Amino acid sequence: MATRPQLTGRAAVLAIVVCAIAMSLAYPIREYVAQRRQIAQLEQDKAREIAAIKALDDRHKQLLDPGFIKRQGRERLFYCDPGQKCYVVMGESPTQGRNTAGERKAVAKPPWYETLWDSVKAADSGTGQKAARATG
């Protein structure tokens with residue numbers, strides 16, 4: 001009895017056809033996955049932009065409210081209504097870490113080289129901020 005070969009002509013043709021189909025489908029599938037990923041990214045961007053637009057719209061509505069404008073004028077600019085006595089206590093820190101326009105002008109940053117030299121001197125003498133915290 002003669003033994004049949006493991007790979008026949010029909011099997012070889014079938015293997016080539018299957019490989020050709022797989023190769024022809026690989027690129028479209030890869031493009032499909034890439035496009036789905038891009039669509040998901042664009043949807044996230046769209047949701048983020050819609051949230052930003054909503055926040056800006058809310059801020060716009062808030063700025064159109066006369067009560068909000070009055071409250072901001074009182075809190076930030078220390079405005080008073082006509083006939084009302086207002087007092088500003090000097091020397092105390094502003095509420096909630098807000099700086100007034102006068103404070104912003106008064107605080108001037110020294111040049112970078114002075115800051116660097118001061119930190120070198122403080123490190124050499126042991127009087128820096130970290131040294132003061134460690135001893136205090």
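Mentor: Rings of Phe, Tyr and Trp (its six-membered ring) pair if their centres lie within 6.5 Å; planes under 30 degrees apart count as stacked, over 60 as edge-to-face and the rest as tilted. A search of the whole structure finds one such aromatic pair. The model is predicted, with local features requiring pLDDT of at least 70 and side-chain atom pairs pLDDT 80 or more, whereas totals for chains, interfaces and linings use all residues. Residues are numbered from 1 along each chain as its sequence is written, and side-chain values use heavy atoms, without hydrogens and water.

Trainee: Why is the pair of Trp112 and Tyr113 called edge-to-face?

Mentor: The ring centres of Trp112 and Tyr113 lie 5.9 Å apart and the planes stand at 80°, so the pair is edge-to-face.

Trainee: What makes Trp112 count as exposed?

Mentor: Buried means under 20% relative accessible area, exposed over 50%, and partly exposed in between (1.4 Å probe, protein chains only). Trp112 has 66% relative accessibility and therefore counts as exposed.

Trainee: Why is Tyr113 called partly exposed?

Mentor: Tyr113 has 48% relative accessibility, so the residue counts as partly exposed.

Trainee: How do you know that Leu25 counts as partly exposed?

Mentor: The relative accessibility of Leu25 is 45%, and therefore this residue counts as partly exposed. Leu25 belongs to helix H1 (residues 9–64); a helix is a DSSP run of H or I with at least four residues, numbered from the N terminus.

How values were computed: Helices (H or I, at least four residues) and strands (E, at least two) are DSSP runs, numbered from the N terminus.
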